[in-house]
Amino acid sequence: MGYSNTEKEYVLSVLARNTPGVLLRISGLFSRRCYNILSIVAAQTENTEYSRILIVVSGDDRIVRQVDKQVSKLVDIEEVTVLNRDEAVVREHLLMKVERSLQNSEKLVEIANVFHANILNVQPDSMIVELTGDATTINSFIELYNPYHVLKILRTGAMAMMK
Amino acid sequence: MLLTGAQIIMECLLEQGVDTVFGYPGGSVLYIYDALYEYKNRINHIRTAHEQGAAHAADGYARSSGKTGVCIATSGPGATNLVTGIATAYMDSIPMVAITGNVSSNLLGLDSFQEVDITGITMPVTKHNYLVKQIENLADTLRRAFQIAGSGRKGPVLVDIPKDVTAQKYEFTPLREPLPMPKGDFPFPERFDQAVELIQKSQRPFIYSGGGVIAAEAFDELKDFAGRIDAPVSSSLMCQGGYDQTDRRYIGMLGMHGTNTSALAIKNCDLLIAIGTRFSDRVLCNANLFAQHCPIIQIEIDTAEFNKNIDVDLKMKGDAKEILAHLNELISPVSHAEWMNQIEGWNAEFPLVQEAAEPEEVTPQDVIETLDRLTDSEAIIVTEVGQHQMWAAQFYKFRTPRHFVSSGGLGTMGFGLGAAMGAQIANPEKRVINIAGDGGFHMNCNELSTAAQYNIPVIELIFNNSVLGMVRQWQKLFYDNRFSQTDLDRNTNFELLAQAFGIKAMTISVKSDIEPVLKQALALQEPVLINCHIDKDFNVLPMVPAGASVEDPILEM
């Protein structure tokens, strides 16, 4: 059968009824079937009875098809879509705290400006920057700050929407 | 009408046509048991010795009747004791509704006495589960639980109900009939065209049937189909009786303990048609070496079973009965005389035989075949798990569905006695025999007390070899005869034990005991235990060793 065996990242968009434990049902399914979750984002949708859960998984085609089918079987799940990165807008959000000194302050602000990142807070010895973008942009942003001693990173994981 | 939560549970059970439940009382289900007292003329409650027995009984009831089995347990240990039974039903797709009490809502989450998060615990082993916190949701939740349990790929559903919800009152509106089962999928016409083409091209088609044939009640359709395409039929452990085993097309099980004819058939066939099966690892053996040379058609109700354990060439998703019925309309009968002659030749060449070392030695084959003859192949045979389970499947001639009740997927020792009682209660006119090993019998022999108390006339037939035979067989083959912990040597006197429970006991020690003892037991209308001594070195053969191809079973060891 024509499967690709290469490990890739896939974004699953799951529409679930907002029942107690629905997130546990999904994440439990992943763990017991040995699928890897790279990130998971869940929140209410425009309809308060439903949640949209975005899961980034790694695996090959075969695994992602299994994940899709197994998740679809859960009673509280309305719809599962495997998003193709080319046909979807994929964004994630980053909060990063970087060590700051008088010597490097200007450099830090300059990098933030290049990426149109927001500086949310400045302390004498640190600052917090925020950036929204796709994974590649966020990764290169972090890389540029790395030489300046990154203190803490928070990433939301990917959100994605079909174009 | 204004009813308590507990009364609403009773009304919902009646709505679903439930007349028998299995359970065990306790603190959190006091209101439910109070309602059972009130409804005792309409709902028969069987109190088992242990909640696990109740879960297995509900399972055996479901397997042997096709109806949804119901069990009830209290919170905490009562609920956790159900878990093995629920997991057993889950692995074999058996419809069951488990109702558990929980502590009152205001005590939930506080590590209260006998509190346990049973919905959390059973999430991986139920099709779905519910915690009902509001009485206004109780009736609809129970209705939905039955609908989920009995539709699509069937399975157990657990409904956890805090004690206060069973005490509160709420207006109950009866439903005239149960919620309709959602309509399942049916393959597109192109898939049928492809299937017909593959079948017409095939000179040596081979049918492998699974438990889905029984779940879908597709017995007649399968028989018609096999005749039309003139093919041999093998089955998984779960499909015993899904095809008439006295028919010349039937060639026995396929897989780890399949017949050599099945192994030869899969090796030589040019088309494999798998019906209602998930290609368990016990059938595939080495998945990379399974049916590599021929196309595979899989008829299956659960999409997630396609390309899970093995890749197939043509997927037909839906109910096996409907799909087979439609295929039968599309296919005109063909003949594969040469292929069928070859199959019958193999069948004659490789019969399943257990040799007795001396003329008076009891062989399991002799016992089971005698039982088969004395019961006209019409008894319900229940099993524990191990060698005796395989022998039961190999040597009893199952002719119709729902006559073989066995834990196939989970392989639960201790399943049989509870399940046999459930099967007997669902089928009062039938003879029910639990074929057990002494290991499995020891696990839940407490349920003899239940059989005695309610006079449930099951026959507990123990193949007593004083060892854990199946594990020991593996130790013989792969662990250099190092019999670690498999020699039981408990010296339990089973006859005395049975008598202590108030049950008649009989003994088979030599070949000439077999027929008179079985006859005597079958003549009784009460529970009876038969202690049948067998040699500990009988093996289950053929056997495909781990890692080998299903085509290469060991025939002797």
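Leaving aside neighbours within four places in sequence, B:Ala145 is in contact with B:Val97, B:Tyr130, B:Val157 and B:Val159. Contact here means that the C-beta atoms of two residues, placed from the backbone, lie within 7 Å. B:Ala145 counts as buried because it has 28 C-beta neighbours inside 10 Å. For that label, a residue is buried if 20 or more other C-beta atoms lie within 10 Å of its own, exposed if 12 or fewer, and partly exposed in between, with C-beta atoms placed from the backbone. B:His128 is 17 residues away from B:Ala145 along the chain, and their C-alpha atoms are separated by 7.9 Å.

Some ground rules. This is a predicted model, in which local features need pLDDT of at least 70 and side-chain atom pairs count only at pLDDT 80 or more, while totals for chains, interfaces and linings use all residues. Residues are numbered from 1 along each chain as its sequence is written, and chains are lettered from A and ligands numbered from 1 in the order in which they are written. pLDDT is the predictor's confidence in each residue, from 0 to 100.

Back to B:Ala145, which sits in helix α6 of chain B, residues 138–150. Helices (H or I, at least four residues) and strands (E, at least two) are DSSP runs, numbered from the N terminus. What does α6(B) pack against at an angle of about 30 degrees? The partner is helix α1 of chain B, residues 5–15, and the two axes are 10 Å apart. Axes are lines fitted to C-alpha atoms, for helices over the stretch in contact, and angles run from 0 to 180 degrees between N-to-C directions. On the α1(B) side the residues are B:Gly5, B:Ile8, B:Ile9 and B:Cys12, and they meet B:Leu138, B:Ala139, B:Leu142 and B:Arg143 in α6(B). By class, this contact has 6 nonpolar residues, 1 polar and 1 charged. Ala, Val, Leu, Ile, Met, Phe, Trp, Tyr, Cys and Pro count as nonpolar, Asp, Glu, Lys and Arg as charged, and the others, Gly among them, as polar.

Now chain A. It has 4 helices and 9 strands, in the sequence pattern β-α-β-β-α-β-β-α-β-β-α-β-β. Its C-alpha trace spans about 55 × 40 × 30 Å along the principal axes. Of the 163 residues in chain A, 21% are buried. Taking contacts in chain A between residues at least 6 apart in sequence, 72% join residues at least 24 apart. The mean pLDDT of chain A is 92, with 97% of the residues at 70 or above.

Two strands count as paired if DSSP finds at least two bridges between them. Strand β1 (residues 8–17) of chain A pairs with β4(A) over 6 bridges, in the antiparallel sense, and A:Val11 stands opposite A:Leu83 in β4(A).

The contact between the chains takes 13 residues from chain A and 11 residues from chain B. The chain B side divides into 5 nonpolar, 4 polar and 2 charged.

Most residues other than glycine have a negative phi, and most peptide bonds are trans. A:Cys34, in the loop between α1 and β2 of chain A, has a positive phi of about 60 degrees. A:Cys34 is exposed, with 8 other C-beta atoms within 10 Å. B:Asp111 also has a positive phi, near 55 degrees. The peptide bond from B:Leu541 to B:Pro542 is cis, with omega near -5 degrees.
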